[in-house]
Amino acid sequence: MNRRRLLAGLATTASAATLGNAVSASGAAATAPGGAATVDEAIARPGKRFVAQDCTALVTGSNRGVGLGFVEVLLARGARRVYATGRRMKNLEAVVALDPKRVVPLVLDVTNDAQRRAAAAAAPDVTLLINNAAYPGSETASERRFRAASSLDDMKVVMDTNCWSPAELARLFIPRLIANGGGAIVNILSVGAFFCLPEFSSYSVSKAAAAIMTAGLRAETDRDPVQVCAVVTGGVQTRAMPVGAKGGFTPVQHASEVLDAMAAGETEIYAAGARSFVDRIRADPKAFERTVIDRFYTNPVTIAPYDH
Ligand SMILES: NC(=O)c1ccc[n+]([C@@H]2O[C@H](COP(=O)([O-])OP(=O)(O)OC[C@H]3O[C@@H](n4cnc5c(N)ncnc54)[C@H](OP(=O)(O)O)[C@@H]3O)[C@@H](O)[C@H]2O)c1
């Protein structure tokens, strides 16, 4: 038996099923995997799909930027309810104003365990969790770097916000999604997960770790009606875009791409120009790293001031 055939005995995917409220002909629940003969066949089989129509979503960091874009597109696509969460209730007024009947504001600092549990208790009907909130690291540039930092304390906050907290939320919500007939978890990553941007080392580390965390969740939910998606985000026009960067997609374009890909059954989603960026890294990783290091010394990447 060749290696791919052997692996096929281990690698399994759920058969075609659309999760959540829009149900395919085969029903809401993703069925148990069948024995495809080869890995190629297993990969080629349709995976779990999720459509936004009639879903109930919870979006972290939804007061602005990418998160706000998700709320707008979810509402436009017929979501039944969107829990718009943010660290301060006052900052959620504008997102609630989008549709006061369907947008429910919740205070949620994702690093706060009591607030995570309170949000899960307040939102029992969720079928879609979007882990969007992220912390880019200290405004003091040196604290984002391994050698220059006075301690690793800020880096640990970055890891907590961008990797452990989404994992904790996933752990809280997976049983809910299953109880609600199926659903999806979306972890917003970054092209920064594919290389170290030395100006934001801690951010790159956290996103790379979150990518593996997402793959672990996907494996653990393979037999459940839960679609777990990693979104590799490229450039979106938010406060977090590097100063001087041109182009970029709008948050609404980004969210639309992601939701289209989920409906098509994709779980590794490259959005907002990320595909060509990652292709460039993969084509010549050493040349890419050289360019990044040279820029670090001559013209370092910065982002606009932010308050954390
Ligand atoms: N923009 C891009 O080009 C780009 C590229 C790659 C990946 N991404 C990813 O896209 C996601 C959103 O980023 P963005 O561009 O929209 O940036 P942003 O405008 O800076 O928004 C970040 C959001 O995260 C929230 N947040 C930070 N720490 C939090 C915490 N502890 N608890 C709860 N919320 C917290 C912020 O809330 P406050 O308003 O309270 O600070 C804000 O709502 C992030 O995961 C980011 O890594 C963005």
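Q: What kind of model is this, and how many helices and strands does the chain have?
A: This is a predicted model. The secondary structure of the chain comes to 10 helices and 9 strands.

Q: What is the order of the strands in the open sheet?
A: The sheet holds 7 strands in the order β5-β4-β3-β6-β7-β8-β9, and their pairing is parallel. β5 (103-107) and β9 (268-271) each have a single partner strand, so one side of each has no neighbour in the sheet, and that is why they are the edges. On average, neighbouring strands are turned by 20 degrees against each other, direction ignored.

Q: How do you know that β3 and β4 pair?
A: Two strands pair if there are at least two bridges between them. Strand β3 (residues 56-59) and strand β4 (residues 81-86) share 4 bridges, in the parallel sense, so they meet that rule. Within this part of the sheet, Val-59 stands opposite Ala-84 in β4.

Q: What makes β4 largely enclosed?
A: Its burial does: 6 of the 6 residues of β4 are buried, so the rest of the structure largely encloses this strand. Arg-81, Tyr-83 and Thr-85 point one way, while Val-82, Ala-84 and Gly-86 point the other way. In a regular strand, side chains alternate between the two faces of the sheet.

Q: How do you know that the end-to-end distance of helix α7 agrees with its number of residues?
A: Helix α7 (residues 201-220) has 20 residues, which should span 28 Å at 1.5 Å a residue; its end C-alpha atoms are 29 Å apart, so the two agree.

Q: What do the buried residues of α7 pack against?
A: They pack against α6 (153-179), β7 and β8. The buried residues of α7 include Tyr-203, Val-205, Ala-210, Met-213 and Leu-217.

Q: What makes up the shell around the ligand, by class?
A: There are 10 nonpolar, 14 polar and 4 charged residues in the shell. Of the 28 residues around the ligand, Gly-61, Gly-65, Ala-133, Ala-134 and Thr-238 come nearest. Helix α3 (residues 65-76) gives the largest share, 3 residues.

Q: How much of the chain counts as buried?
A: Of its 308 residues, 44% count as buried. Among contacts between residues at least 6 apart in sequence, 69% join residues at least 24 apart.

Notes: Residues are numbered from 1 along each chain as its sequence is written. This is a predicted model: local features need pLDDT of at least 70, side-chain atom pairs count only at pLDDT 80 or more; totals for chains, interfaces and linings use all residues. Helices (H or I, at least four residues) and strands (E, at least two) are DSSP runs, numbered from the N terminus. Axes are lines fitted to C-alpha atoms, for helices over the stretch in contact, and angles run from 0 to 180 degrees between N-to-C directions. A residue is near a molecule or strand if its C-beta atom, placed from the backbone, lies within 6 Å of it. Ala, Val, Leu, Ile, Met, Phe, Trp, Tyr, Cys and Pro count as nonpolar, Asp, Glu, Lys and Arg as charged, and the others, Gly among them, as polar. The expected span of a helix is 1.5 Å times one less than its number of residues. A residue is buried if 20 or more other C-beta atoms lie within 10 Å of its own, exposed if 12 or fewer, and partly exposed in between; C-beta atoms are placed from the backbone. Two residues are in contact if their C-beta atoms, placed from the backbone, lie within 7 Å.
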